[in-house]
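Please work through the following exercises with the model open beside you, and try each one before reading its solution.

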Amino acid sequence: MQLTIIEEGDNYIVNGRKWWSTGAGNPTCKFGIVMGKMASTNGVPKHQQHSMIVVPFDTPGVKIVRMLQVFGYHDLPYGHGELLFDQVRVPKQNLILGEGRGFEIAQGRLGPGRIHHCMRAIGLAERCLEYFVRRTLERKTFGKRIIEHVS
């Protein structure tokens, strides 16, 4: 991760790029939650070097570079964007939970979503297996049902 969040007085300065920003092209989207590496990380464990901050999209220095394709498709204007943060000054109160808690926030937020996607994939796999078995029971080749062609 190369996006940085550097403390400067009563603000943080955000610099870098954020890829795959879901909904960034939506005209009603007014802010983003951005994760970046803090400047002061000497001696800090790697999992505590990142923070999340709320960045209003109308802040000077925020630019939507382009909307990205997913599997060759554009989901304009609401899809996933590449954002550039160039010397973006954000008030300290926009930092979420405190410095170094970015991965803690990400895991709390992403964990349930991952479980949801896994459950959907398992359900789909079970359904495919059910269809496959049904087909082997119904389809015949060389005078026998496919399931009877067992070695």
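**Exercise 1.** Which residue in strand 6 is the bridge partner of Arg66?

*Solution.* The model is a predicted one, in which local features need pLDDT of at least 70, side-chain atom pairs count only at pLDDT 80 or more, and totals for chains, interfaces and linings use all residues. Residues are numbered from 1 along each chain as its sequence is written, and side-chain values use heavy atoms, with hydrogens and water left out. Begin with strand 5 (residues 62-68), which pairs with strand 6 in the antiparallel sense over six bridges; strands are DSSP runs of E with at least two residues, numbered from the N terminus, and two of them pair if DSSP finds at least two bridges between them. Within strand 6, the partner of Arg66 is Glu82.

**Exercise 2.** Find how many bridges join strand 2 to strand 6, and name the partner of Ser21.

*Solution.* Strand 6 covers residues 80-91, and nine bridges join strand 2 to this strand, the two running antiparallel. The bridge partner of Ser21 in strand 6 is Gly81.

**Exercise 3.** Is Trp20 buried, partly exposed or exposed?

*Solution.* First place Trp20 in strand 2, residues 11-22. Its relative accessible area is 47%, so Trp20 is partly exposed, a class lying between buried (under 20%) and exposed (over 50%), with a 1.4 Å probe and protein chains only.

**Exercise 4.** Locate Ile122 and state how far it lies from Gly16.

*Solution.* Ile122 belongs to helix 1, residues 102-138, a helix being a DSSP run of H or I with at least four residues. Ile122 and Gly16 are 106 residues apart in sequence and 37 Å apart in space, C-alpha to C-alpha.
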